[in-house]
Amino acid sequence: MAAVDDLKFQEFDDAANLLAANPDATTISIDEPVEISKNQHGRLQEPRREEDDELLGTDDSDKTELLAGQKKSAPFWTFEYYQMFFDVDTYQVLDRIKGSVFPVPGKNFVRLYIRSNPDLYGPFWICATLVFTIAVSGNLSNFFIHLGKPTYHYVPQFRKVSIAATAIYAYAWLVPLALWGFLMWRNSKVMNIVSYSFLEIVCVYGYSLFVYIPTAILWIIPQKVVRWVLMIFSLCLSGSVLVMTFWPAVRDDNRRIALATVGTVVLLHALLAVGCLAYFFDAPELDFPAPIIPAHNGTTVMTKSL
Amino acid sequence: MAAAEGSADGGPLFAGLADVSISGDIPVEGEITVPVGSRSPDEDYSTLDEPVKDTIMRDLKAVGKKFVHVMYPKKSSALLRDWDLWGPLVLCVSLALMLQGGSADSKDDGGPQFAEVFVIIWFGAVVITLNSKLLGGTISFFQSLCVLGYCIMPLTVAMLVCRLVLLAGSGTISFIIRLIVVVAMFGWSTLASTAFLADSQPPNRKGLVVYPIFLFYFVISWMILTFTPQ
């Protein structure tokens with residue numbers, strides 16, 4: 001009889017009930033990558049206590065996540081729904097920009113700065129500034145390159161602003177959409193520890209584009225070597241922000257898919273930079289050879305003399 | 001009792017209250033008039049009867065008063081309270097017209113077309129207004145459009161000056177004069193609009209609201225500065 005009872009299937013209780021029964025049990029919370037990385041460092045006593053703190057909700061990030069859950073209650077057709085995405089102060093935006101320009105190795109931009117409060121202010125206005133900066137700098141650099149030449153007539157080339165706007169906004173919104181869709185698909189196949197919402201990905205992409213603004217201004221300098229050095233430098237900075245954000249999200253996946261994903265992210269970022277440099281900024285050493293006319297005169301004189 | 005009898009008679013209600021001595025002590029007489037400043041139906045009918053010149057002059061005076069407010073930007077609520085979009089429309093159209101006629105020979109690599117200037121000014125103003133409202137501003141939509149439109153006036157003056165200077169010549173000296181004028185007017189526009197708009201924002205987000213205004217006037221100043229005549 002007892003054996004039959006023992007063999008009966010046991011329902012697994014809710015995790016909360018189990019925890020209430022045995023509050024000292026070590027548990028792993030899947031949403032937080034922080035303690036996972038700490039576990040990997042192999043420290044003994046501390047991580048367990050911090051995990052308990054996180055579960056008990058005394059940690060700051062946990063509270064903000066709870067509050068974030070309470071925030072999203074307005075229906076999407078009201079104005080208040082969109083006000084939730086602009087709930088940032090000036091110093092927060094400046095902090096996020098600083099975090100994107102000086103990436104701390106090992107720290108995740110999303111977890112460190114965004115903390116479940118993604119905003120749309122940063123991505124939108126950084127993209128707008130970048131569009132106008134590239135158009136203005138491209139115009140200025142072309143003006144200075146062709147300054148001495150009498151045959152050059154300066155035109156403001158206003159069409160390029162529309163093209164720049166289309167390219168940059170498409171990059172900042174469509175690529176995060178594709179990446180988010182891809183990560184959701186992989187999440188359904190492989191249990192990933194870290195997952196980002198669409199707005200967080202848009203946020204990371206938007207803030208990572210900030211470093212291109214001073215780069216575009218410095219691209220006015222008409223030296224090829226300087227331009228390429230600047231581009232590689234800014235690509236490293238913003239690319240590292242993206243890589244450090246997305247590597248934890250695909251790390252547990254198939255090795256090749258993880259590398260391919262991160263590689264595609266960096267490649268698209270590089271394509272944007274190279275494309276902007278090539279299209280908006282003329283090549284600096286476009287010196288035409290010395291006018292042919294004196295040589296012509298010389299040859300005609302010589303033939304005449306002959 | 002007396003009152004009930006009065007009403008049962010069909011005579012005037014509260015006739016019995018005439019016995020009460022209030023009417024004897026305090027003369028309650030006179031007309032109840034509507035307080036000053038609110039619109040009564042009489043006023044609306046009278047504006048229909050007034051001569052057209054009066055109607056037009058009233059609107060023109062309102063527009064003119066706002067222009068003066070922009071020239072000397074001190075904090076006054078008149079610009080905000082009685083918004084109108086006539087001034088911004090006139091300024092936008094004149095700015096777009098003055099930006100025409102430059103480098104018209106090249107097919108598409110030219111200056112901004114009329115529609116582009118129009119779209120940039122209005123779309124830019126709408127986006128800035130939406131931005132300030134989303135950040136928690138208390139200003140209304142059209143009030144903000146009105147302020148941003150009226151503060152284009154210094155830049156329109158700069159465009160006029162630039163065209164006159166370009167009539168004289170287009171060398172380096174004219175460029176320096178144009179640069180100084182445009183930079184000064186750009187600063188004036190930005191300061192005027194932030195003087196009106198910054199107060200309606202929560203204090204820790206003022207920078208976030210001022211920056212797009214700066215960008216907006218910077219783009220317009222760039223279009224003015226790079227205008228090259230044909």
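## Salt bridges

Searching the whole structure, a predicted model, turns up 6 salt bridges over all chains, each being a side-chain nitrogen of Lys or Arg within 4 Å of a carboxyl oxygen of Asp or Glu. B:Arg205 sits in the loop between α10 (172-197) and α11 (206-225) of chain B, and A:Asp87 sits in the loop between α6 and α7 of chain A, so this pair joins two chains. Their closest N and O atoms are 2.8 Å apart. Across the interface of chain A and chain B, the rule finds 2 salt bridges.

A note on ground rules: local features need pLDDT of at least 70 and side-chain atom pairs count only at pLDDT 80 or more, while totals for chains, interfaces and linings use all residues. Residues are numbered from 1 along each chain as its sequence is written, chains are lettered from A in the order in which they are written, and side-chain values use heavy atoms, with hydrogens and water left out.

## Where A meets B

Chain A brings 25 residues to the contact and chain B brings 33, with contact meaning heavy atoms within 4.5 Å. About 2,600 Å² is buried between the two, and carbon and sulfur atoms give 65% of that (accessible area, 1.4 Å probe, lost on putting the two parts together, summed over both). In chain A, the residues losing the most area to chain B are A:Trp125, A:Phe158 and A:Arg159, together 25% of what that side buries.

There are also 9 residue pairs in polar contact between the chains, both residues at pLDDT 80 or more (N or O atoms within 3.5 Å, one able to donate a hydrogen and the other to accept it; residues adjacent in sequence count only if both atoms are side-chain atoms). On chain A's side, α6 (79-83), α7 (90-101) and α9 (121-145) each give two or more residues; helices here are DSSP runs of H or I, at least four residues, numbered from the N terminus. The largest share, 9 residues, comes from α9(A).

## α7 against α11 in chain A

The axes of α7(A) and α11(A) (residues 198-208) come within 9 Å and cross at roughly 70 degrees (lines fitted to C-alpha atoms over the stretch in contact, with angles from 0 to 180 degrees between N-to-C directions). That makes the two helices roughly perpendicular, a label for 65 to 115 degrees. A:Val93, A:Arg96, A:Ile97 and A:Ser100 in α7(A) meet A:Cys203, A:Tyr207 and A:Ser208 in α11(A).

Key. Angles under 35 degrees count as roughly parallel, over 145 as roughly antiparallel, 65 to 115 as roughly perpendicular and the rest as oblique.
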